[in-house]
Amino acid sequence: MTDREAALIAAAKPFWDAEAEITRRFFAGPPSRDDYIHYLRSAVYKELNPAIGYGPTDGYANGLHMEFCDIVERFRGLDAEIDRRDMLASLKMMTEEFEHYVVLAEVLEFVLGRRLAPEDAQQLPEDVTLNEMRRRYVESGDPCLVAAMGLTEGGGASTFREASRLSGGKLEQRLAAAMKLIHDDEKDHYEDAAADAARAVRSDNDLERMKRAIREVSIQRVRMRNEQFRFQMSEEEIEALIAANPL
C-alpha cells in the first residue's frame with residue numbers, strides 16, 4: 001500500500017470504526033422484531049440501488065434494473081468501444097450486488113413471515129442525504145472527487161463483518177450467513193478503491209480535496225448507519241467523533 005492509499009483510507013477509517021460500533025450496539029440490544037424489520041427494509045433497498053450517486057431511476061424498477069439494462073445495451077459495442085474485460089467486471093459486480101439483495105431479502109421474508117412486496121424496500125432519510133452528497137461529487141466534473149467516491153462505498157465492510165459474527169436463534173443464524181457472504185465479497189473492495197483513487201492524485205492539493213470529500217461522506221455514512229440501527233449513537237457522540245478526527 002502506498003502512502004497516498006494509506007492517507008485516503010485513514011480519512012475514512014475512524015468513521016468506519018464508528019459504523020462497526022453502531023452495529024455491535026444494535027445486535028447487543030437485543031433488537032426487537034420491529035428493529036430487524038426496520039434495518040432489513042433499508043438494507044434491501046440499498047442492495048437494490050448499489051451504485052454511487054444515483055439520481056432518479058424513472059422508467060426502471062430500481063438501480064439494479066437500470067444497471068443491467070445499461071450492460072445489455074453496451075453489448076452493442078463489445079470489442080469495439082467496449083472492452084470485454086470491462087464488461088465482464090461490470091457483470092460480475094452487478095451479479096454480486098443482486099446476490100446480496102437475494103440473501104437479505106430472504107432474511108426479511110423470514111422475519112415478516114411472508115413474501116416480499118416491492119414496497120417493502122424502503123430508503124431512509126439519512127440515506128437520501130448520503131446519496132445526494134455522493135451525486136454532487138460524482139457530477140462535479142473533478143476526476144479526483146469522482147475517484148474518491150469509490151472509497152466511500154460499504155464503510156470498509158465493517159457492518160457486514162460485525163453482523164457476520166452473530167449467533168443465537170434461527171434469525172441470527174440466517175442473518176449471519178447472509179452477512180458473511182456479503183463480507184467475503186466486499187472485504188477487500190476498499191483497498192482496490194484506495195488504489196484506484198490514489199492513481200488520480202497528481203498533487204498535494206488533489207490529495208487534500210479527496211481526503212476532505214471522503215471525510216464528509218464518511219461522516220454522513222455514520223448518520224445513515226445510525227438511523228438504520230435505531231440511533232445507537234447519540235448526536236453528542238457523533239459530534240465528539242467528528243471533533244476527534246479533523247482533516
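Helices, as numbered in these legends, are DSSP runs of H or I with at least four residues, counted from the N terminus. All views show a predicted model.

**View 1. The second largest pocket and its lining.** The second largest pocket holds about 170 Å³ of space. Its lining consists of Val-44, Tyr-45, Leu-48, Asn-49, Ala-61, Asn-62, Tyr-101, Leu-116, Ala-117, Pro-118 and Ala-121. Helix α2 provides the largest share of this lining, with three residues. By residue class, the lining of the second largest pocket comprises nine nonpolar and two polar residues, and no charged ones.

**View 2. The largest nonpolar core.** This core has 43 residues, of which Phe-27, Leu-40, Val-44, Leu-104, Leu-175 and Met-179 touch the most other members. At least two residues of the core come from each of α1 (3–28), α2 (33–48), α3 (63–74), α4 (84–112), α7 (158–163), α8 (170–186), α10 (204–228) and α11 (235–244). The most is given by α4, with 10 residues. Apart from this core lies another, of 25 residues, including Tyr-137, Leu-145, Ala-148 and Ile-214.

**View 3. Surroundings of Phe-27.** Residues up to four places away in sequence are not counted in this view; beyond them, Phe-27 touches Tyr-36, Ala-163, Leu-166, Leu-175 and Phe-229. Among these partners, Leu-175 is, like Phe-27, one of the core members that touch the most others.

**View 4. Ser-42 in helix α2.** Ser-42 is found in α2. Its relative accessible area is 5%, and Ser-42 is therefore buried, the cut-off being under 20%. The side chain of Ser-42 reaches the backbone oxygen of Tyr-39 at 2.7 Å. Not counting residues up to four places away in sequence, Ser-42 touches Gln-122, Leu-124 and Gln-228.

**View 5. Ser-158 in helix α7.** Ser-158 belongs to α7. With a relative accessible area of 2%, Ser-158 is buried. Residues up to four places away in sequence aside, the contacts of Ser-158 are with Trp-16, Glu-19 and Ala-20.

**View 6. Ala-18 in helix α1.** Ala-18 is found in α1 and, at 5% relative accessibility, counts as buried. Leaving aside neighbours within four places in sequence, Ala-18 is in contact with Val-222, Met-233 and Leu-241. The C-alpha atoms of Ala-18 and Arg-221 are separated by 9.6 Å, although these residues are 203 residues apart along the chain.

**View 7. Val-102 in helix α4.** Val-102 is located in α4. This residue is partly exposed, with a relative accessible area of 26%. Between the C-alpha atoms of Val-102 and Leu-48, 54 residues apart along the chain, the separation is 9.4 Å.

**View 8. The cis peptide bond at Pro-30.** The peptide bond from Gly-29 to Pro-30 is cis, with omega near -5 degrees. Pro-30 has its place in the loop between α1 and α2.

View 9. Although Arg-230 is not a glycine, its phi is positive, at about 65 degrees. Phe-231, also a residue other than glycine, has a positive phi near 60 degrees. Arg-230 is partly exposed, with a relative accessible area of 36%. For Phe-231 the relative accessible area is 53%, so this residue is exposed, the cut-off being over 50%.

Key
Residues numbered from 1 in each chain as written. Predicted model: local features only at pLDDT ≥ 70, side-chain atom pairs only at ≥ 80, totals over all residues. Heavy atoms only, no water. Core = buried A, V, L, I, M, F, W, Y, C linked by side-chain atoms within 4.5 Å. Buried < 20%, exposed > 50% of the residue type's maximum accessible area, 1.4 Å probe, protein only. Contact = heavy atoms within 4.5 Å. Polar contact = N/O pair within 3.5 Å; in protein donor to acceptor, adjacent residues only side chain to side chain. 1 Å grid on protein atoms, 1.4 Å probe; cavity = no way out; pocket = protein on both sides within 12 Å on 5 of 7 lines; lining within 4 Å. Points joined across faces, edges and corners; volume = space filled by probe spheres on them. Nonpolar A, V, L, I, M, F, W, Y, C, P; charged D, E, K, R; others polar.
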